[in-house]
Structure formats: C-alpha cells, structure tokens
Amino acid sequence: MQYRSTRGPLDKNLNAPQAIIKGLADDGGLLVPTKFPSSSLPIENLPKMTYQQIVHLILTLFFNDFTPDQLQKSIEQAYGDQWDSQQITPISNSHSNNYYLELFHGPTLAFKDVALQILPYLMTSAVTIEQISNKIIILTATSGDTGTAAMRGFSNQPGTQVIVFYPHGGVSPVQLKQMLGQRGNNLTAIAIEGNFDDAQTEVKRIFNDTVFNQQLQQNGYQFSSANSMNIGRLIPQIAYYFSAYGQLVDKGKIKVGDDLNFAVPTGNFGDILAGYYAKKLGLPINKLICASDENNVLTDFFKTGEYNRQREFYLTNSPAMDILVSSNLERLLFDLADNNAELISKYMDQLVQEGHYQVNSIIKDQLDRQFAAGFATQDQVSQEIQRIYEADGYLIDPHTAVASFVTNQYQASHNDKTPTFIVSTASPYKFPETVYKAITGKPVSSSGLAAIQDLQNIIQQPFSNNVQALFNQSIRAEQIIQPTKMEETISKLLTSTY
Ligand SMILES: N[C@@H](CCOP(=O)(O)O)C(=O)O
C-alpha cells in the first residue's frame, strides 16, 4: 500500500512504514492511501471474530509492507491483559435503541489507547524495515488524552523519545496527573501558555522546519507523531467500528446487513474519520453523527459548508474536544473531492491566510448524505450525564455525554430509528469533578484522585484495574512555557541527551 499527501502530487509516494515514521507530509498535508482498498470486510463473520482477528484483517489491508509476523506480534502485545475487558472495546447494554461503544478500558482510560497501544510496535518494526538508525522523537500535541496514551504506549520503547505539549489549565486534574505521573526514561510533558490549537499548529510548523530538522538529523534524531495526523494512529481505530457491529449481531439486536448510526464526540476528527473509513470498507453505516462541544466549528461546517475558525475558543468540561482546527477533516475532504490535492491545498491555504474556506456543492451534498452534526453546551452535558444516570444507573463521561445529547436531538428532529452507537471515548473517572456535580447536583469538595474516590462512594461500584492504578502514580513538577519557546525547548531537551 502506498501513501501520498492530501496536498501534493502523486509522485512522492511512501510505503506504510515510511508513512508511519514520517507522520506528516513535507508539504504540511496528511498522508492517505493512494488507492483506498477496494475489498469489503466479511461482515457476516464479525460475530465470531475476536478483536485481535478484526484488527489483523484491517492492518493487513493497509499495512501490507509489514510481515504477517510483525503485525501478529504487534497485535498480541497491544491487545493483551493491560485491558480491563477481554473484548477490548465492549458494548454496553441497550439504552432504548441506543448502545454505548466503550473505548475506555485501556491503560489510560480513553479511546486513544486503542491505537497508541499498537503504534509503538508498528513504529519499531517500521524503523527496522527502513533500517533507520536515528532516534525517533514522538512530537505530540494534546488536549488531555493523546498525551497520556502516547507516553504510556511508548514508555521505555527503545529508540524513541516522547515530547508532549498540552494547554496549561486546559486539561482535567486527572488528565494532568496522568501525564505528569507516567513512568519511563523517555517521556516529557510540557504545558504551554495557550490552547490546543496553538500547540498543534506549532507542532506542525516544527515538523516542517527544514533547518531545525537538518540539525536534528545531524545529531541522530528525527520526528514522528503520535497524533491522529499519523496514519498509524488512524487505521487501527477502524477496528472498533467493525467489532461493535459484530457484537450487536451476536447479541441478536440487529441482523447482518442492517444499518447502524455512530455518534462520535469529535475534536481532531480522527475517530469519526476511522468510522468513515469503516463505511468505505463495507460496514453498513447510515449516518455518522459528528458531536461537538461549545467549540462548534464542525456543527456550523456541516450545516453551511463553510469552515470558519475565526471564533472564540472555549475551555469546556469536555477538554479533549476543545479544538477549532480539526486536522483530519482534511482527509475526509480529500476523499470526497475524489483525491483532488490541488483543491484541498487551496482550502487549507485559505484556512491559514483568511481563517475560513467554503467547500463546493459536490462535497457539501456528500456531507449531507453521510453525516449529521450537532453540539452540546456545558449545561446540556451535565444534564445528559444526570439523565442517563437516573434512567439507566449508567455513568458516562462529559465527552460521551456530548454525543449522547446530540444523538437525542438528532433522533427527535429526524425521526431516524436506526440503532445507534454512542461512541464512549473516555472513562467518567477521568472527569470526576464534572460527573459528581452532574449526578448529585453539588460540586465535589475535592479534585483529582480524591474526587474519584468521592464519586465511587456515590455509585458504589468497584474500580477496574486501570482506574485503581491511578492511585499508585507519583507525579513530576509541571513545566510551563510560551508556545514560541517550543522549538527551543525541544532543542534543549535533546541536547541534554546527545
Ligand atoms: N483530543 C485529543 C487532541 C489530539 O487529537 P489526536 O486524535 O489528533 O491525537 C487529545 O485528547 O489530546
């Protein structure tokens, strides 16, 4: 399988290992398959398949430059007993015609683990295949979840070093504790005085700073990414859409071939794009419902076809979704524009120069057919957590609540009776302050671990192993810098390890 940039010519193709190591194309575009696999996956077999078998099928389609043995070993190491559920991404019981796809049973309690438990193994194999002797610097921007999951996945992984930038004051106390508490001799997390977009924009700029990259090369380093801009992050996420479908057939709730909707809490657009790729591989999906918080740039985009980032940035109770520049939308538009890199390049230039772009009517028609979109305010998020807890005794986190709220709104206004999965992207224990207040009506007097304990006292359910493990971490001091100092800080960090 060959990969190309969403913004550049076809003659600069990379194979899968090269694409995974590279992370971001030289022209600033995202790497995508030159030709999307034409084969559909055998959905009738899904109910009998393990999660590991489903991932294997998908990786074999997209990453066929790896040996079957390399893929198999990566899968075995990534999806083992570090998960709190043998099914890896189990589904919850029926809530009316809606189901919850629980993606938070991995070591850092968010959906990012699904890909970031396997990416380090794929990266190591890629480095072997490409005979690279440089140390790989995993440069990562995070609004809370990716950073922790990247640090956990790459912890002590030979030949790699992880540097994470997160917004100071823009992540939850538990997310912060997780980042500052990850153990490993190759991990650094640094706060910036800015928001996630500032961190991601600067990371992308540093990626393509030719002079800086040459200096790094001379000293035996090169960059890669753990964000969803890396195709190695995105492809493994396709698996849980297929797994969810198989589990629902297995429970007798749908028949093979029936349509499903998936409602996805969306920030950087990687998760929902994996759903779109699953649909392209033959999974019967009716609508992908793009759910946003008060940073509702995507809701407006799906309504009008204009992407306009010129708006206020809000820090909300769903911090991982506090994003105004959704990187992976570029991959969707590239696909809907029939791989027209020139057009995508024009849109992305307009976004940088003018702060907005308007897609053409062909793209807009396809968006209307395949997607729905909506957003929830912070108050609506709290009400939704309370509503679900009271109705079903089921605890959801604020990001999942965004998707749950938007799903109800969509179903009421469109009379769509298609069974729907609400994609549950994080454990409620990552956001105990918000969840406690939502279900009790009172603010919790504690924060972080103490708030987790207070929440458990209310719901009286035992902690899973991965939640329990949070109590065993000691944390490092927080380091805070200006976004303009990111490159210099990387340089200093690496110089100290030359
Ligand atoms: N929601 C993310 C932001 C980065 O998104 P990614 O999917 O590109 O890694 C986070 O929690 O860090």
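The questions and answers below concern a predicted model and the grounds for describing its parts as they are described.

Q: Why is Asn185 called exposed?
A: Asn185 has 8 C-beta neighbours inside 10 Å, so it counts as exposed. Asn185 sits in the loop that links α7 (173-181) with β7 (187-192). Between Asn185 and Asn339 there are 42 Å in space, C-alpha to C-alpha, and 154 residues in sequence.

Q: What makes helix α14 (residues 329-336) largely enclosed by the rest of the structure?
A: A residue is buried if 20 or more other C-beta atoms lie within 10 Å of its own. Eight of the eight residues of α14 are buried, so the helix is largely enclosed. They are Leu329, Glu330, Arg331, Leu332, Leu333, Phe334, Asp335 and Leu336. The cover over these residues includes β3, α12 (270-280), α15 (341-354) and α16 (361-370). Just after α14, Asp338 has a positive phi of about 60°.

Q: Why is strand β13 (residues 371-375) called mostly covered?
A: Four of the five residues in β13 are buried.

Q: What makes β2 (14-15) and β3 (31-33) edge strands?
A: The open sheet in question has three strands in the order β2-β1-β3, with antiparallel pairing. Each of β2 and β3 has a single partner strand, so one side of each is left without a neighbour in the sheet. The pairing of β1 (residues 2-5) with β3 rests on three bridges, and Tyr3 stands opposite Pro33 in β3.

Q: Which strands stand at the edges of the sheet of five strands, and why?
A: This open sheet has the order β8-β5-β6-β7-β15, and its pairing is parallel. β8 (221-225) and β15 (480-481) are the edge strands, because each has a single partner strand and so lacks a neighbour on one side. Elsewhere in the sheet, β5 (residues 135-141) and β6 (residues 160-167) are joined by six bridges, with Leu139 opposite Ile163 in β6.

Q: What makes Ile289 stand out in the largest nonpolar core?
A: That core has 153 residues, and Ile289 is among those with the most contacts inside it, along with Tyr241, Phe262 and Val264. Helix α11 (residues 238-250) gives the most to the core, with eight residues. Contact requires C-beta atoms within 7 Å. Leaving aside neighbours within four places in sequence, Ile289 has contacts that include Phe262, Val264, Ala372, Ala373, Val406 and Tyr410. In general, nonpolar side chains tend to be buried together in soluble globular proteins.

Q: Where does the name "Threonine synthase N-terminal" come from?
A: It comes from a UniProt domain annotation, in an unreviewed entry, that covers residues 2-79. In the model this span is 38% helix and 12% strand, and its end C-alpha atoms lie 26 Å apart.

Methods:
Residues are numbered from 1 along each chain as its sequence is written. This is a predicted model: local features need pLDDT of at least 70, side-chain atom pairs count only at pLDDT 80 or more; totals for chains, interfaces and linings use all residues. UniProt positions are given in the numbering used here, feature names are shortened, and annotations may be inferred rather than shown by experiment. Helices (H or I, at least four residues) and strands (E, at least two) are DSSP runs, numbered from the N terminus. A residue is buried if 20 or more other C-beta atoms lie within 10 Å of its own, exposed if 12 or fewer, and partly exposed in between; C-beta atoms are placed from the backbone. Two strands pair if DSSP finds at least two bridges between them. Two residues are in contact if their C-beta atoms, placed from the backbone, lie within 7 Å. A nonpolar core is a set of buried Ala, Val, Leu, Ile, Met, Phe, Trp, Tyr and Cys residues joined through C-beta atoms within 7 Å.
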